[in-house]
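Dear colleague,

Please find the structure below, together with its sequence.

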2 protein chains.
Amino acid sequence: MTRDPDPSLRLLWRHAAPGQEPQRRRGPKQRLSVDEVVDAAIGLADAEGLDAVTMRGLAGRLGLAPMTLYTYVPSRQDLIVLMVDQALGRTHLPELPDDARLRLELVARVQHDDCRAHPWLLDVTGVRAWLGPHAADRYEWQLAAVDGLGLGDIEMDQTVALLVGFAGSIVHAEHRVRRAEQESGVSDREWWDANAPALGELMAGRSYPLAGRVGLTVGEAYQAAGSPERELEFGLARIIDGVLAHASRASADQSPPAPER
Amino acid sequence: MTRDPDPSLRLLWRHAAPGQEPQRRRGPKQRLSVDEVVDAAIGLADAEGLDAVTMRGLAGRLGLAPMTLYTYVPSRQDLIVLMVDQALGRTHLPELPDDARLRLELVARVQHDDCRAHPWLLDVTGVRAWLGPHAADRYEWQLAAVDGLGLGDIEMDQTVALLVGFAGSIVHAEHRVRRAEQESGVSDREWWDANAPALGELMAGRSYPLAGRVGLTVGEAYQAAGSPERELEFGLARIIDGVLAHASRASADQSPPAPER
DNA sequence: TCCTAACTTTGTACGGCGTACGGAGAATAA
DNA sequence: TTATTCTCCGTACGCCGTACAAAGTTAGGA
């Protein structure tokens, strides 16, 4: 009836095993552990991006032949799944404060900081990674942060998605320009200085009254196209205002002792 | 003084040229146009993802030898830049309604729909693509939608980033599971049915009271891990509430004729 | 008119990628 | 001891982006 379970699942949950692991295996012992391999891969991805995590490159860094990696991990895709959960697991999830606003902020900030530390997390696609132990722990923690506001189960899930999604989108946008700088070897400012005249010429005839004014103001304020930190602060404040207003409205509607009418 | 401008800029703005183009060129005419090449690439990416846009594959689809593409486009990376702007240009930016709430919704919905139609837009990194003509038009349109709310220039920019970032994050999350289904050939539901028992076994000993309850509720409500449409509606409503509340507060503070105190 | 320079199209080739396959040697189970 | 099972790794295949140069086509200048 049930198909064979996904083999990478067992690998993902290898540390939470129900104790049936310590059966000795036949061949020679492995030089490294899966954790060491995954940690090295995370380090490589942090430093040079997910594309730099090649089986050859990673093996070289570990002093192994490329094909040896396949005795630790079934494939590159599975390695990435393990990287995601292991990276999430490095962050200690802090205790939740009493104040609701601070709790919601914390959810977004933890996600933001993790994405910033491991920008490749946002590049991972085609993967069911949210089912690892650390992802599960995190989801539980996130739900605890939005619990007790008077939201229903579905709204709790949606609130987490809202906070986490927005935090990720900020890093995603920032990551786009960082990568462009890194790959081209030209900083955003240098590129702009070199291309502004040509761009102005090409844009001649078109008018961008608002974009021109706003772009100028933003550029002067931050010496850059934008400030991810400020965008996070601004968006987060608006989002939490909206969520808390909704929550107090919802719990007022549901609480039987209506104050007055 | 100024370095050579980025050659891909001229290609990006090729249609907005200041009329100095129609000089005849010497060799034989090209069989295709840049637009046709880019359109074919967009079709390929829409259907099979950005990874499927290989120079060989695209050339084959166009009936060309792989290297011929390099007479239209300097590199694959530049092709992708052109794809982004051309995809954005396909969407007609609707007239902005009078109601502020509707205007903000529209900004998010247009972005959401475009990302949904071209999910590979979210995979594009390492590229300065927002400087194409259609990207510029869109930014101007987005700013017009948040104009007149009483926000300062920087806050206008941040509001656009908030709406657009959130809309993108919804599609990004949805795209992750779609790709996982597509690449593995197993639907999310099938995968879950096959792996739920094994997963339950692996999770034994750990308790996820909230995640268990909420996950169950969400799963029953949507027959899936979540509903992107509902997440968009929910998040958008909260965000716009927060933005409008902030805007009315800000404009009340700034308006010289204070009503009373 | 013909020559020449510029341009398109293309074949070949190089170095990189993920990984299938099979062999050699080591460690355990029998 | 022997058989089995595991680790490690060399080789190879089919992909990728694209550098390079040859061959063919066109327009401008003589």
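Which residues are the closest to DNA strand C, and how many surround it? Please bear in mind throughout that this is a predicted model. DNA strand C is surrounded by 24 residues. The closest come from both protein chains: A:Thr54 and A:Arg76 on one side of the list, and B:Gly27, B:Arg31 and B:Met67 on the other. Two elements each give two or more residues to the surface near DNA strand C, namely helix 3 (55-62) and helix 4 (76-90) of chain A. Helix 3 of chain A has the largest share, with 3 residues. Sorted by class, this surface near DNA strand C holds 9 polar, 8 nonpolar and 7 charged residues.

I turn next to the contact between the two chains. Chain A contributes 68 residues and chain B contributes 69 residues. On the side of chain B that touches chain A, the elements that give two or more residues are helix 6 (133-146), helix 7 (153-184), helix 8 (188-202), helix 9 (209-222) and helix 10 (228-254) of chain B. The largest share of that side, 19 residues, belongs to helix 7 of chain B. In terms of class, the side of chain B that touches chain A has 36 nonpolar, 14 polar and 19 charged residues.

How are the two copies related? Chain B is superposed on chain A by a rotation of 180 degrees, with 0.0 Å of shift along the axis and an RMSD of 0.0 Å. The two copies are thus related as by a two-fold rotation axis. Within chain B, B:Gly242 has the C-alpha nearest the axis, at 2.2 Å from it. The same surface serves both copies, since 99% of the contact residues of chain B recur in chain A.

Finally, there is a packing arrangement inside chain B. The axes of helix 6 and helix 7 of chain B lie 9 Å apart, and the two helices pack at an angle of about 105 degrees. Angles of 65 to 115 degrees count as roughly perpendicular, and helix 6 and helix 7 of chain B are therefore roughly perpendicular to each other. From helix 6 of chain B, the residues B:Gln142, B:Leu143 and B:Val146 meet B:Met156, B:Thr159, B:Val160 and B:Val164 of helix 7 of chain B. The residues of this contact of helix 6 with helix 7 of chain B comprise 5 nonpolar and 2 polar, with no charged.

With kind regards

Notes:
Residues numbered from 1 in each chain as written. Chains lettered and ligands numbered in written order. Predicted model: local features only at pLDDT ≥ 70, side-chain atom pairs only at ≥ 80, totals over all residues. Near = placed C-beta within 6 Å. Helix = DSSP H or I, 4+ residues; strand = E, 2+ residues; numbered from the N terminus. Nonpolar A, V, L, I, M, F, W, Y, C, P; charged D, E, K, R; others polar. Contact = placed C-beta atoms within 7 Å. Axes fitted to C-alpha atoms, helices over the stretch in contact; angles between N-to-C directions. Parallel < 35°, antiparallel > 145°, perpendicular 65-115°, else oblique. Least-squares fit on C-alpha atoms with pLDDT ≥ 70 in both.
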